[in-house]
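Good morning, and thank you for making time for this item.

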Amino acid sequence: VVCVWIYSSPRGKLFICSILDFSLWVSDSYSIIGPAQPILVLLGADASLPCQLFPEQSAAHMQIRWYRAQFSPAVLVYQNGQEQGGEQMLEYRGRTELVQDSIGRGTVTLLIQQIRASDDGQYRCHFKEGYISQEAIVELHVIGLGAAPHVHMMGPEDDGIRVLCSSGGWFPKPRVQWSDMAGAKLPSLSESQSQDGDGLFHVEASLVVTDSSLGNVTCSFQNPLSGQEKVSALFLPEPFFPRTSPWKKALAGTLPVLVLLLIGMSYFGWRELMERKKESQEKEEKERALAAKEKLKAELDQRKALYKEDWKKALLYPDWRKELFKPAPITLNHNISHQTLSIDKN
């Protein structure tokens, strides 16, 4: 409504332009500066997330909002000189506080108590004055150091000993590394992980040790963010390793050769069998062709004999007709003969 009234006069246009120019000047008059590096905090400790107005000026009259992925509900809202609990996320109630010691100099710090694994991630500090707003991003990394690794022998496996190392209470997922007495790294046979209700990681890693001369193995869990680690070692007595029979070693050396010989013999036997089968098939085909040829010849001979017999009968037919049909005397009665009947006396 005000805009319509202002556009009704030339002065209104000048007034709007003045407001727009002033807004741009205000938005450029300050900015928000956050920490250049992520803030690392141990699990269960308190975290301080700072934001600073630049250039330095009071933020007491501004609306200050700390939020995460969504603008509302927020982690904390400060307005009219006090915190507003109506928009606060449930998981942050009773755990957050806006440190106002330096708010007059534009420094605003969000205090989060008793840090949890779920607190890990990005936070945004949003400053608003009138229609102008600015914000900055603060990264919080939670570090959870779990318990010391528990290492124990599972039993013999594949001519060696299977060893299991496990630890829980880590965040984020730790790195697991096996090593021998000399510090050489050993690859894990398997690794599994799970998270509890608080989001903390429990990791298990296994290793099969086949070299009885190693003496002991070391298992270390390391936090990837802080580099802090916890280490446990296990001594492996040589008598615990399965004893290998000399016959077993000899068999292990000759078995591949025997397998190759068996494969070769099987191949040549199969090849000979296929050749014999092929020869047998060719022989059967020849025999079938010969039998068909002989059968066809017999049929032709039979037809030829029948044809000759019929031909002989055809040659004898004129003589047979002469013998069967002889001339006979005919006497005509002129009294009853037809008037158109004529007789050739010749």
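Let us begin with Ser 167, which counts as buried because its relative accessibility is 3%, under the 20% cut-off. Please bear in mind that this is a predicted model. Ser 167 belongs to strand S12, which covers residues 160-170.

Which groups does the side chain of Ser 167 meet in polar contacts? A polar atom of that side chain lies 2.5 Å from the backbone oxygen of Ala 147. The side chain of Ser 167 is also joined to that of Trp 170 by a polar contact of 2.8 Å. Beyond its neighbours within four places in sequence, Ser 167 is in contact with Gly 146, Ala 147, Ala 148 and Pro 149, with Phe 201, His 202 and Val 203, and with Phe 221.

I turn now to strand S3, residues 47-54. In a regular strand, side chains alternate between the two faces of the sheet. Along S3, Ala 47, Leu 49, Cys 51 and Leu 53 point to one face and are buried.

Which strands pair with S3? Strand S1, residues 31-33, pairs with S3 in the antiparallel sense over 3 bridges. Strand S8, residues 107-112, also runs antiparallel to S3, and 6 bridges join the two. Gln 52 takes part in both pairings: Gln 52 is the bridge partner of Ile 33, and Gln 52 stands opposite Thr 107 in S8.

How values were computed:
Residues are numbered from 1 along each chain as its sequence is written. This is a predicted model: local features need pLDDT of at least 70, side-chain atom pairs count only at pLDDT 80 or more; totals for chains, interfaces and linings use all residues. Side-chain values use heavy atoms; hydrogens and water are left out. Helices (H or I, at least four residues) and strands (E, at least two) are DSSP runs, numbered from the N terminus. Buried means under 20% relative accessible area, exposed over 50%, partly exposed in between (1.4 Å probe, protein chains only). A polar contact is a pair of N or O atoms within 3.5 Å; within protein, one must be able to donate a hydrogen and the other to accept it, and residues adjacent in sequence count only if both atoms are side-chain atoms. Contact means heavy atoms within 4.5 Å. Two strands pair if DSSP finds at least two bridges between them.
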